[in-house]
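Hi everyone, thanks for coming.

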Amino acid sequence: MNDMTPEREERVAGLKGLGCSRKRVEDARFTQGKGNYVDDLKMPGMLHGDFVRSPYAHARVKSINTEAAMALDGVVAVLTAADLAPLGLHWMPTLAGDKQMVLADGKVLFQGQEVAYVIARDRYIAADAVELVEVEYEELPVLTDPFEALKSDVVLREDLDPAAPGAHGPRKHPNHIFTWEAGDREATEQVLAEADVVAEEMVYYHRTHPCPLETCGCVASMDKVNGKLTLWGTFQAPHAIRTVVSLISGIEEHNIRVISPDIGGGFGNKVGAYAGYVCSVVASIVTGQPVKWVEDRMENLMTTAFARDYWMKGKIAATKEGKITGLWCHTTADHGGFDACADPTKFPAGFMNICTGSYDIPTAYLAVDGVYTNKAPGGVAYRCSFRVTEAAYFIERMIEVLAIELNMDAAELRRINFIRKDQFPYQSALGWEYDSGDYHTAWDKALNAVGYDDLRKEQAERIEAFKRGETRKLLGIGLTHFTEIVGAGPVKNCDILGLGMFDSCEIRIHPTGSAIARLGTISQGQGHATTFAQILASEIGIPADSITVEEGDTDTAPYGLGTYGSRSTPVAGAATAMAGRKIRAKAQMIAAYLLEVHDDDVEFDVDRFVIKGAPERFKTMKEIAFAAYNQAIPGIEPGLEAVSYYDPPNMTYPFGAYICVMEIDVDTGEHQIRQFYALDDCGTRINPMIIEGQVHGGLTEALAIAMGQEIAYDEMGNCKTGTLMDFFLPTAWETPHYTTDHTVTPSPHHPIGAKGVGESPNVGGVPAFSNAVHDAFRAFGLRQSHMPHDHWRIWKIADDLGLHG
Amino acid sequence: MIPAAFDYYRPKDMGDVVALLQEHGDDARVMAGGHSLIPMMKLRMAEIAHLIDLQDVAGLGGISVESGQITLGAMVTQHEIIDSDALRAAAPILHEAALQIADPQVRYMGTVGGNVANGDPGNDMPGLMQCLDATFTLVGPDGKREVAARGFYHAAYMTDRDDSEVLTSVSFAAPKGGYAYEKQKRKIGDYATAAAAVQIEKSGGVCASASIAMTNLSDTPIWSETAGAALVGTKVDDAAIAAAIAAMQADIEPVEDNRGPAAFKRHAAATVLTRAIRRAWDRA
């Protein structure tokens, strides 16, 4: 018997648990075109919705005439605000405590705003009918500049009492939304006043868009016989959507089933609730038929949630030797026509107060002013935890500016200011407790990997060659050391609309020793079905290949707050481990019974319980599972199931060191990434292959944002970047080669030490690319130039610096 | 991105095509690869009541290279251009240019006829054909006629082609000497920020002839006769190139768009033309 037992290592490998580069189980269907997305759903009698949208950024709606549209054969109904008002559904609450028009109620506040909703027998008729709806507008003055908006007499939100406080406190101006502060203002101003050196800069992080390949959409189906509403949609938070639908529609929550099927990328764009969902639900209730709404690419780029648009004015103080003594930041946040940011309720500027970054900055102050403008609402965390990209970009630019001010090497400046390993857990001046980190080790590893000193020598030679007229290309070395804050979050300070940001996992072990696990999150490409099974495999000793992971159906999955902000592994992953441990605890009792020993006399060993000191006597998890269903064990209920709702004690703080080496053509403004090195520390690594894939994807989105991607408006509020011709989405051609690397500093409070990784590369990537551009021109006097660094803007830098002769 | 309703026709011979165009006038358009027209229809920027698909019409395909004369049927795709060894040998600039158009999937569908006939200033083939002094053959109710590429383009989307005519082929003499097609673009699939097509003949160490055309720097392609003339008789040194650039600058009229302001485009135009001239001269 004994010699038949596989070696322990083989048993571990057979589980495909933690640390295994297990192939993604999702890919079999995705690579064969067998995914099941919202737009794949077809139901008998299904109707199609389409929006009449405003061509103006700010206008009064004088009248809407739907007669011609209604007369078109195949049109079932045309909804306007007047139709929704009796139901109280012409406005809806936003995640940020504001409210937003579902359909234009007297005026429009951004180009593309929903004005009327056409319901027709097919998608083509709906589109034709949209053209037939006659809307009379009276144009109003347009505000696209948030600084201007705070001074203007033009009131955008006439529905709000200018004297009344908003959801986040007093408002200073009718176009002002909130002021949010962190840190010690007085102490920081004192430090700035007394400092040897103060560097000051305006850092703008431009407006962009998550642009998932699959746009937003839903199918609403109201069954009038049993009173149940089923809503399929591209939801990153299906359970929260169910609660919101219940609260605003009055339908009891048990009568609502929300299903997120396969989702083709979210990146924050699919967190919020959109007018299309509300109108489709109403349309299905009115008609008794299923109603599908799927936005097209232009609607996605122009109307559903944007990201960033933060004007960050910074001051950073230091000693002559470069030790940072204080940081001051005032941010003007352009939120568009409605405040529809997706942030935990108590954090209207997200976690922008992580903006002290990886540095031990004793004194700091942050204030954020939210402003209404005539742009689309949103402000979501585009592949980042709430506003962490903005914070990381801000501090990593300020460090570079300070290095210029001090005439110091930017790598050395970072090194002397990093929070030291022995300082963790570290209390930041702006209120966070960093759980763990080892920044110096990561930094040295990164600098050595790229041969940093040699690169600087090469750069110096290049500058001389450029000055001699031998080359028209400059070399930029972009440095970044970022610290993220993810895994929202502890219920004591993180909720969305009052819903605590815990997450959940429910596990059932089947009699033959396989299992199903259901979670409150939803994968949009992250590979949850692969990685969560691996966590469980290591916890309960059942092979990952024998575990089904299911998410996204609110009738079957336990309640959770969904997937965004790199929260799935820190929160739902922890719930998975904890639920697994409950399974293991019961399995231990069953094993002890079967082995006729006391519970304390057995211990877990990979895939079995063994008698302590007698490992040849054991019961495998497969045997234990069967026993749970066929033995009458005194004092133990039959079955083997567990559920865990996990409220994390703290956030997790992944970090990384990124270095980008970039060649820049000063005449065309073109760039070439010669090398990109990305070291990530996400704590315990569950699936290295998936981590690498996440890093590649996040870096490519970072490349897009830094080097070309933007949502731009003209002074009339017309969106100039509404198609993929002008909105930069990189292909394989534009994407450079990436070198990935890692260190491992496990989270001390997470059950398996994991920290989350999906968003790190975007948080760290953007400043790495941008710093490379800035660094290339540092020797010629560049301090700050706003993204995106597309060809003409880089050309403009060179031109302004006199490099075109 | 849902087009308005339209009637779809798939005639088999040119007579039927011309008859349909005569019948429906302005409301009808012919479609070759459809990679410009269909997106415009989906955006409802073009509402075409009668769409005439040319893919079954006989006699519109084929690449012919015979005794120094090259003829491309209107339905020849960019991919076929890239794939033709005979064409690559006879006119390598086409190969170099076609590889810089859009992406492989688009090049399988996009045609030379559609590219030159559409009149979109962003398209690469019109400038290239002006550089090569190509002739376009048009078929209409009154039969066949030929128009020089250099006289075909009047304004953006406005060409010498009558509504009832179809561009059926493109022909030109096999170019001699060195060549280059240099294009700056923001990304794969984009139109040019600036592009230059250059053919240069060298004789006895000096430039014997030069033809230069620029793309997406005015509302039509620009064949800059004076820019070419500035090189002739020179050793194509820095001074000659500077003179050619100055001449080209006098002919283009770039306007600001998302690719950048006019001043940037002028700088980009100078850069791509300089590079194209140097590469063509090296190959001459």
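Before we start, one term: two strands pair if DSSP finds at least two bridges between them. And keep in mind that this is a predicted model.

Okay, with that in hand, take strand E32 of chain A, residues 671-681, and strand E33, residues 739-742: they pair in the parallel sense, over 4 bridges. If you want a spot to look at, A:Ala678 stands opposite A:Thr740 in E33(A). Now bring in helix H18 of chain A, residues 688-707. Together with E32(A) and E33(A), H18 makes a right-handed β-α-β unit.

In which order do its 3 strands come? The order is E27-E28-E29, all in chain A, the pairing is antiparallel, and the sheet is open. At the edges you'll find E27 (602-605) and E29 (614-620) of chain A, each pairing on one side only. On average, neighbouring strands here are turned by 35 degrees against each other, direction ignored. E27(A) and E28(A) share 4 bridges, and A:Arg608 in E28(A) is the bridge partner of A:Asp605.

What about the inside? The largest nonpolar core has 182 residues, and among those with the most contacts inside it are A:Tyr117, A:Met352 and A:Phe769. Helix H11 of chain A, residues 388-406, gives the most to this core, with 12 residues. Another core, of 47 residues, lies apart from the largest one and includes A:Ala537 and A:Ile633.

Next, helix H19 of chain A. Is it mostly covered or mostly open? Mostly covered: 18 of its 19 residues are buried. Its length works out too: at 1.5 Å a residue, residues 760-778 should span 27 Å, and the end C-alpha atoms are 26 Å apart, which agrees.

The A:Phe424 to A:Pro425 peptide bond is cis, with omega near -5 degrees, and so is the bond joining A:Met787 and A:Pro788, at about -5 degrees. A:Pro788 sits in the loop between H19 and H20 of chain A.

Over in chain B, B:Ala102 isn't a glycine, yet its phi is positive, near 45 degrees. B:Ala102 is in the loop between helices H5 and H6 of chain B. Its relative accessibility is 13%, under the 20% cut-off, so B:Ala102 counts as buried.

Conventions:
Residues numbered from 1 in each chain as written. Chains lettered and ligands numbered in written order. Predicted model: local features only at pLDDT ≥ 70, side-chain atom pairs only at ≥ 80, totals over all residues. Heavy atoms only, no water. Helix = DSSP H or I, 4+ residues; strand = E, 2+ residues; numbered from the N terminus. Expected span 1.5 Å × (residues − 1). Buried < 20%, exposed > 50% of the residue type's maximum accessible area, 1.4 Å probe, protein only. Axes fitted to C-alpha atoms, helices over the stretch in contact; angles between N-to-C directions. Right-handed = clockwise from strand over helix to strand, strands pointing away. Core = buried A, V, L, I, M, F, W, Y, C linked by side-chain atoms within 4.5 Å.
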